[in-house]
Amino acid sequence: MKTFELGGVHPAENKISENKAIEVLPIPKQVQIPVAQNLGAPSVPIVNKGDEVKVGQLIAKGEAFISSNVHSSVSGKVLKIDNVNDQSGYKKPAIFINVAGDEWEENIDRSDTLIKDITASKDEIIKKVHKLGIVGLGGAAFPSHVKLMVPKGKKAEALIINGVECEPYLTADHRVMLEKADELLVGTKILMKALGVEKGFIGIENNKPDAIEHLSKLSKEYKGIEVYPLKVKYPQGGEKQLIKALTNREVPSGKLPIEVGCVVQNVGTALAVYEAVQKNKPLFERVVTITGKAVKNPSNFLVRIGTPISELIEASGGTPDKTSKIVGGGPMMGKALVTPDAPIVKGSSGVLLFDEKESKRVEEKACIRCAGCIKVCPMGLEPVLISQLTKLEMYEEAEKNNIMDCIECGSCQYTCPSGKPLLDYIRLGKFKVGQIIRNRGKK
Amino acid sequence: MNDVVIFAVISLAGIGLAAAIILYFVAQKFKVIEDPKIDEVEEALPAANCGGCGYPGCRNFAEASVKKANKDKNIEGLYCPVGGNEIMSKVASILGLEVEAQEPMVAVLRCSGTKKNAPKKVEYNGPMTCAFAHNLYQGESACPYGCLWLGDCVEACNFDAMYMDEETGLPVIIEDNCVACGACVEACPRDIIELRNVGKKSKRIFVSCVNEEKGGVARKNCKVACIGCGKCFQVCKFDAITIENNLAYIDYEKCKLCRKCVEVCPTNAIHELNFPPRKVKPVENKKPDEIEKTEIKQQV
């Protein structure tokens with residue numbers, strides 16, 4: 001069975017919510033939609049206080065190339081445009097909308113009928129993906145239209161659909177693959193058309209046999225799409241790891257996947273592309289997993305963007321006693337939330353509730369030179385070295401040791417027997433080195 | 001037997017002589033001509049190598065000042081904060097120049113977000129450095145501008161001029177030891193520490209807050225936050241106070257130390273340092289009894 005070669009770990013899977021069908025979360029009374037939800041330039045709000053908006057109406061426009069539009073997820077009145085605490089507690093501008101009814105834009109097709117014929121041309125698809133604010137739903141929220149525009153001199157050969165979901169606990173993509181398989185496959189075909197490629201690979205880890213079987217069966221009707229089961233290994237959902245696993249090609253340091261003729265999209269993104277191109281539906285809702293060992297009712301919810309995370313927790317049976325940490329995202333790469341009132345954004349894939357024992361860090365001890373972190377690093381870096389360099393503020397040296405190639409998967413920290421905060425330092429180092437590189441560009 | 005010894009001695013002496021001659025010419029050819037003044041200036045400097053002057057060490061500062069003295073006949077813009085005016089006049093006399101005396105500076109902590117004033121909202125157990133915590137999230141108190149209580153500034157201080165107060169969580173500056181090298185200013189990821197002039201008899205007035213949030217929000221998170229109400233701005237007769245982004249700032253060059261602003265500040269965000277106690281205590285800002293008295297531990 002295929003997998004990537006270098007490094008990797010296998011944390012306990014804990015996919016508690018994998019058998020829970022996607023439920024629609026009731027629309028909250030108020031949503032706070034941050035205007036900067038994607039990687040790249042933030043969008044500019046185009047509505048004012050007191051404006052009436054409908055579901056799917058454009059409320060913030062992305063003007064730069066790497067930016068994306070933001071649409072209203074509810075209908076109602078714009079209360080204000082003000083700062084909201086994001087997941088890290090820092091203030092970010094957001095559009096507050098008081099909900100009234102659920103009135104959708106007229107051109108959105110709300111029926112469930114599957115539209116298989118792709119009538120839109122290549123350019124129309126890219127334009128629609130851009131206009132309807134589709135971003136990568138795997139977590140990084142990179143604007144999808146940018147990935148679909150193949151730069152001159154490069155040629156896309158294959159589209160890879162990422163159904164790996166290697167993060168423990170999370171099951172949102174798994175449920176999408178089971179419940180929206182046809183839509184997902186049509187979405188894949190649309191993406192293949194936009195890229196002008198004949199081949200589409202769907203990579204799924206074999207801890208989801210039902211999804212592999214279901215998609216393999218259905219994909220026979222779609223020419224060019226193949227489903228590949230993959231060995232369970234974290235971080236297989238990383239773009240570069242997935243390409244290596246499926247095509248045995250290696251993306252060079254500092255380069256994008258298009259360098260080796262691949263484009264990777266998440267299954268959630270493929271579904272969003274289907275809905276955008278065939279049904280005119282902008283990206284204003286997504287599937288979010290809420291789970292945790294003590295959660296009463298771990299679920300997969302279809303949530304409108306901007307819904308406070310606290311509403312999700314409420315719907316899953318409330319915060320269990322002894323909860324001491326709420327994590328936005330998966331347990332490996334997610335970040336602890338400062339406040340549960342932070343809104344769900346396009347990049348939120350899950351919410352995890354941990355108790356005291358699960359959330360406490362182990363005490364930091366001295367490095368025992370076991371090289372465990374080097375062995376598990378999927379990028380072939382030396383985590384112990386670059387984290388030390390960051391600690392000593394030797395950023396140039398850290399850059400030479402390819403600190404910017406780190407994908408922040410956390411395998412090193414997970415595996416370290418001394419409980420060293422390796423990834424924490426590497427993240428700080430990446431931030432500092434990034435600053436240095438940007439300043440260099442200015443001069 | 002003797003022949004061997006004599007031959008060995010003569011040949012070794014010959015090699016030695018030849019090597020000496022070669023080395024002499026090589027040394028002449030690659031001679032580094034250095035101004036002896038550099039050594040003299042370096043000798044006069046405090047040898048703290050703190051980087052407060054903007055150069056990596058005292059030697060580099062000495063080189064730079066000699067170079068500038070030779071080129072421009074002045075050493076404007078070069079100042080050793082550790083040595084102060086005394087050392088600088090010494091340096092100038094070595095270089096045959098004169099310098100204008102500069103006003104001495106001291107580091108000032110512009111945050112009063114103690115553990116009582118800005119209560120803990122979340123628990124943090126990551127690496128205990130400010131740089132990291134700042135990069136990750138807003139900090140344990142809910143103020144995204146305030147002190148993180150983790151002491152990167154104390155770590156950076158080479159002069160034993162700072163320590164962390166366990167009770168308040170804030171760093172404390174020992175004024176007598178502070179040489180205004182700026183290492184703490186550099187180390188603080190939130191730009192809370194500022195270098196201000198020492199002032200007459202060490203008296204200083206400053207806004208002890210850097211929060212730019214709207215008044216209500218700032219006040220909710222910290223009892224002694226500057227809320228940008230503008231009362232100090234109105235009462236100041238010397239145009240020393242500016243208000244930008246909901247935050248007052250006192251220009252120390254214009255401030256005449258009249259203390260009117262301290263009296264009107266509704267949140268006690270403006271601090272006075274080293275003033276004699278007031279005769280008549282103002283009544284109005286005594287209301288909120290929970291407010292921890294703007295007790296400042298800066299030692300003199």
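Two residues are in contact if their C-beta atoms, placed from the backbone, lie within 7 Å. By that criterion, and leaving aside neighbours within four places in sequence, A:V44 is in contact with A:A60, A:K61 and A:E63. The model is predicted. Chain A has 14 helices and 17 strands. Its radius of gyration is 21 Å, close to the 22 Å that the globule rule gives for 443 residues, so chain A is as compact as a globular protein of that length.

**Chain A overall**

- The C-alpha trace of chain A spans about 65 × 50 × 50 Å along its principal axes.
- Of the 443 residues in chain A, 50% are buried.
- Taking the contacts in chain A between residues at least 6 apart in sequence, 73% join residues at least 24 apart.
- The domain assignment divides chain A into domain 1 (1-24 + 107-360), domain 2 (25-99) and domain 3 (372-442).
- The C-alpha centres of domain 2 and domain 3 of chain A are separated by 34 Å.

**The three-stranded sheet and A:V44**

- Strands β3, β5 and β6 of chain A form an open sheet in the order β3-β5-β6, with antiparallel pairing.
- At the edges stand β3 (44-45) and β6 (70-71) of chain A; each has a single partner strand, so one side of each is left without a neighbour in the sheet.
- Two bridges link β5 (residues 58-61) of chain A to β6(A) in the antiparallel sense.
- A:A60 has A:V70 as its bridge partner in β6(A).
- A:V44 belongs to strand β3 of chain A.
- Is A:V44 buried, partly exposed or exposed? A:V44 has 14 other C-beta atoms within 10 Å and is partly exposed.
- A:V44 and A:N69 are 25 residues apart in sequence, and their C-alpha atoms are 8.7 Å apart in space.

**The six-stranded sheet**

- A second topic is the open sheet of six strands in chain A, ordered β1-β14-β13-β17-β15-β16, in which the pairing is mixed.
- Its edge strands are β1 (22-24) and β16 (335-336) of chain A, each of which pairs on one side only.
- Strand β14 (residues 299-304) of chain A pairs with β1(A) in the parallel sense over three bridges.
- The bridge partner of A:I22 in β14(A) is A:N300.
- Five of the six residues of β17 (residues 350-355) of chain A are buried, so β17(A) is largely enclosed by the rest of the structure.
- β17(A) pairs in the parallel sense with β13 (residues 285-291) of chain A over three bridges, and A:T291 stands opposite A:L352 in β17(A).
- β17(A) is also joined by five bridges to β15 (residues 323-328) of chain A, and these two strands run antiparallel.
- A:I326 has A:L353 as its bridge partner in β17(A).
- Strands of a sheet pair through backbone hydrogen bonds, in either the parallel or the antiparallel sense.

**The nonpolar core**

- The largest nonpolar core contains 195 residues, of which A:I160, A:V273, A:V288 and A:L312 touch the most other members.
- Beyond its neighbours within four places in sequence, A:V273 is in contact with A:V129, A:I134, A:S144, A:G187, A:I190 and A:L191.
- In soluble globular proteins, nonpolar side chains tend to be buried together.

**Helix α11 of chain A**

- The buried residues in α11 (residues 383-391) of chain A are A:P383, A:V384, A:I386, A:S387, A:L389 and A:T390.
- Which helices do the buried residues of α11(A) pack against? They pack against α10 (372-376), α12 (395-400), α13 (411-415) and α14 (422-442) of chain A.
- After α11(A) comes A:E393, with a positive phi near 60 degrees.

**Chain B and its contact with chain A**

- Between the two chains, 11 residues of chain B are in contact with 13 residues of chain A.
- The side of chain B that touches chain A has seven nonpolar, four polar and no charged residues.
- The domain assignment of chain B gives domain 1 (36-94) and domain 2 (105-286).
- The C-alpha centres of these two domains of chain B lie 32 Å apart.
- Six residues of domain 1 of chain B are in contact with seven residues of domain 2 of chain B.
- On the side of domain 1 of chain B that touches domain 2 of chain B, four residues are nonpolar, two are polar and none is charged.

Definitions and conventions: Residues numbered from 1 in each chain as written. Chains lettered and ligands numbered in written order. Predicted model: local features only at pLDDT ≥ 70, side-chain atom pairs only at ≥ 80, totals over all residues. Helix = DSSP H or I, 4+ residues; strand = E, 2+ residues; numbered from the N terminus. Rg over C-alpha atoms; globule rule 2.2 N^0.38 Å. Buried ≥ 20, exposed ≤ 12 C-beta atoms within 10 Å, placed from the backbone. Nonpolar A, V, L, I, M, F, W, Y, C, P; charged D, E, K, R; others polar. Pairing = 2+ DSSP bridges. Domains from an automatic or database assignment. Core = buried A, V, L, I, M, F, W, Y, C linked by C-beta atoms within 7 Å.
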